[in-house]
Amino acid sequence: MVRRSTVDRSPQPPVYEADYAAGAGELAPGDSRKRPRSGPGWRGAGGRWLVWTFRVVVWVILLVIGYRGVMAIVLNETPPANSNPASTAPATPGFPAQEASAYALQFGQVYLNASPGTASQRASDLASFLPSGASDPQLGWNGGGSLSLQSEQVADVQVQDAQHAVVTLLARVNGKLMELGVPVYAAAGGMAISGQPAWLAAPKTVTPPAPQPVISDDVTQSALVRQLPAFFAAYASGDQSTLGRFLAPGTTVTGLGGSVVFGSVTSVTTPAGGDVRHIVATVVWEIPGQPGKATRTGNTAANLEMTYALTIVKQHGTWYVQSIAPSTQAGGQP
């Protein structure tokens with residue numbers, strides 16, 4: 001006869017989530033203040049609330065970053081290169097050199113023309129260039145003698161800062177070449193002559209070094225002496241049909257349109273070389289409509305002798321002009 005084990009199936013009291021005794025891991029039974037557990041897998045809500053709180057914070061941060069990025073694209077915002085505002089200086093606009101050059105040229109027209117008969121008009125014209133309340137309406141001129149400006153142009157602009165510069169004019173006054181330093185002040189879109197100009201020396205004349213001797217190709221030179229007169233005659237008239245016969249393929253040369261008439265070729269310098277040569281030719285032009293000096297046989301036309309540098313190429317035994325330009329050498333030199 002087999003005995004069956006007896007299992008206690010009597011109702012059990014609910015298990016309460018009581019505080020464990022310190023370090024014992026046992027529930028304290030009989031404490032009616034303890035709450036029943038919600039289920040066998042529940043371990044308390046404190047951990048889950050921390051996880052959900054952390055997730056919410058992360059999502060908020062991501063949304064803020066995404067919003068700022070989208071707004072930066074929409075508004076075309078560019079982040080500053082330097083986040084330290086104390087080290088960022090505003091950009092300083094440059095001095096208006098081109099406008100100051102034109103301003104100084106206009107001033108030179110008034111300043112470099114002076115005569116006692118027009119002194120009051122000169123003072124009135126100068127006033128438009130001077131600061132209000134200027135003490136010297138003639139800007140240094142004592143009212144005697146005369147100045148006559150023949151020509152002027154800007155030679156240099158020395159910028160000192162965003163408001164100050166000295167414009168140097170190269171001018172011919174009373175038949176002599178000189179330079180004039182003009183101090184110009186610029187601010188708030190306006191300009192003024194900030195002080196008395198300074199008369200400066202003109203550039204001195206220097207002697208260029210003598211050209212190196214070259215080995216001349218006499219055969220080619222003789223051929224060019226015969227050929228170049230017809231080319232320069234067509235160049236003077238600007239006749240493209242005739243001019244094209246002397247030009248290398250792909251070369252375009254604009255003639256002088258009849259402003260001069262061909263006179264003669266006085267010299268041709270032809271260095272030895274290959275099928276591409278750089279030569280120098282000196283030509284005499286006649287100026288139409290300009291009478292020259294009187295002679296026993298009549299008036300001689302006004303002539304000008306000029307020197308040109310030409311690049312020529314040889315094709316099928318014939319020389320053609322590839323380019324023509326002013327020469328840096330004296331006439332008759334390579």
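Guide: A residue is called buried when its relative accessible area is under 20%, exposed when that area is over 50%, and partly exposed in between, with a 1.4 Å probe and protein chains only. The model is predicted, so local features need pLDDT of at least 70 and side-chain atom pairs count only at pLDDT 80 or more, while totals for chains, interfaces and linings use all residues. Residues are numbered from 1 along each chain as its sequence is written, and side-chain values use heavy atoms, with hydrogens and water left out.

Visitor: How many helices and strands does the protein have?
Guide: Helices (H or I, at least four residues) and strands (E, at least two) are taken as DSSP runs and numbered from the N terminus. On that basis, the protein has five helices and 11 strands.

Visitor: Which residues is Ala 155 in contact with, leaving aside its neighbours within four places in sequence?
Guide: The C-alpha atoms of Ala 155 and Leu 170 are separated by 5.6 Å, although the two residues are 15 residues apart along the chain. Leaving aside neighbours within four places in sequence, the residues in contact with Ala 155 are Thr 168, Leu 169, Leu 170 and Glu 179.

Visitor: Which residues does Ser 264 touch, not counting residues up to four places away in sequence?
Guide: Ser 264 is found in strand S8, residues 261–269, and is partly exposed, with a relative accessible area of 30%. Its C-alpha atom is separated by 9.3 Å from that of Glu 286, a residue 22 residues apart from Ser 264 along the chain. Not counting residues up to four places away in sequence, Ser 264 touches Thr 282, Val 283 and Val 284.

Visitor: How many nonpolar, polar and charged residues has the contact of H2 with H3?
Guide: The contact is made by Phe 107, Val 110 and Tyr 111 of H2, together with Arg 122, Asp 125 and Leu 126 of H3. Ala, Val, Leu, Ile, Met, Phe, Trp, Tyr, Cys and Pro count as nonpolar, Asp, Glu, Lys and Arg as charged, and the others, Gly among them, as polar. By class, the contact of H2 with H3 therefore has four nonpolar, no polar and two charged residues.

Visitor: Which residue forms a salt bridge with Arg 277?
Guide: A salt bridge requires a side-chain nitrogen of Lys or Arg within 4 Å of a carboxyl oxygen of Asp or Glu, and the structure holds one. With the closest N and O atoms 3.0 Å apart, the partner of Arg 277 is Asp 217.

Visitor: How many residues apart are Arg 277 and Asp 217?
Guide: Arg 277 and Asp 217 are both buried. Arg 277 is in strand S9 (residues 276–295), whereas Asp 217 is in the loop between strand S7 (198–200) and helix H4 (218–237), and the separation of this pair, which links distant parts of the chain, is 60 residues.

Visitor: What is the phi of His 316?
Guide: Most residues other than glycine have a negative phi. His 316 lies in the loop between strand S10 (298–315) and strand S11 (318–326), and is exposed, with a relative accessible area of 84%. Its phi is positive, in a residue other than glycine, with a value near 55 degrees.

Notes
Contact means heavy atoms within 4.5 Å.
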